[in-house]
Amino acid sequence: MTDPQTIEWHRVASTEEFRSAEAKAITLKGRSIGLFRVADAYYAIDDICTHEFALLSDGFVEGCEIECPLHMARFDLRTGKATAPPADADVATFPVKVEGSDIYIGLARA
């Protein structure tokens, strides 16, 4: 488990910007991150598919999985685990917190 004191939180969006099963591409400190809403939960993962360069935020959300728009690889939004080929490498996940209507993504402090 990550020590909360090693995380730097960044406000990236408002809950008012999302409907269920929507995604938003975010660039944070030079990193491409996909922010996803599923029901009332928010998840943040690396936005680049590990199989070939494609933005996962352009993919299709079904349940808690995102399907890559290029070759249909799938990833679990909660864990980053690759769940369907052709991807065989997981994507990184990032902590998300909501305070009021503000959504924050946590990155490790440099």
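**View 1. Asp40 is an exposed loop residue.** Asp40 has a relative accessibility of 69% and therefore counts as exposed (exposed means over 50% relative accessible area, buried under 20%, partly exposed in between, with a 1.4 Å probe and protein chains only). Asp40 lies in the loop between β3 and β4 (strands are DSSP runs of E, at least two residues; helices are runs of H or I, at least four; both are numbered from the N terminus). The side chains of Asp40 and Arg37 are joined by a polar contact of 3.1 Å. Such a contact is a pair of N or O atoms within 3.5 Å; within protein, one must be able to donate a hydrogen and the other to accept it, and residues adjacent in sequence count only if both atoms are side-chain atoms. Gly30 is 10 residues from Asp40 in sequence, and 28 Å away in space, C-alpha to C-alpha.

This is a predicted model, where local features need pLDDT of at least 70 and side-chain atom pairs pLDDT 80 or more, while totals for chains, interfaces and linings use all residues. Residues are numbered from 1 along each chain as its sequence is written, and side-chain values use heavy atoms, without hydrogens and water.

**View 2. The largest nonpolar core has 16 residues.** A nonpolar core is a set of buried Ala, Val, Leu, Ile, Met, Phe, Trp, Tyr and Cys residues joined through side-chain atoms within 4.5 Å. Ile45, Cys49, Leu56, Ile66, Phe75 and Leu77 touch the most other members. Strands β3 (31-38) and β4 (41-46) each supply at least two residues of this core. Apart from it lies another core, of 13 residues, including Phe18, Ile33, Tyr42 and Ile103.

**View 3. Phe18 and Tyr42 form an aromatic pair.** The count is 1 aromatic pair (ring centres of Phe, Tyr or Trp, its six-membered ring, within 6.5 Å; planes under 30 degrees apart are stacked, over 60 edge-to-face, the rest tilted). The two ring centres are 5.6 Å apart and the planes stand at 80 degrees, so the pair is edge-to-face. Phe18 sits in the loop between β1 (7-14) and β2 (22-28), and Tyr42 in strand β4, 24 residues apart. Phe18 is buried at 6% relative accessible area. Tyr42 is buried too, at 13%.

View 4. The structure holds 0 disulfides (pairs of cysteine sulfur atoms within 2.5 Å).
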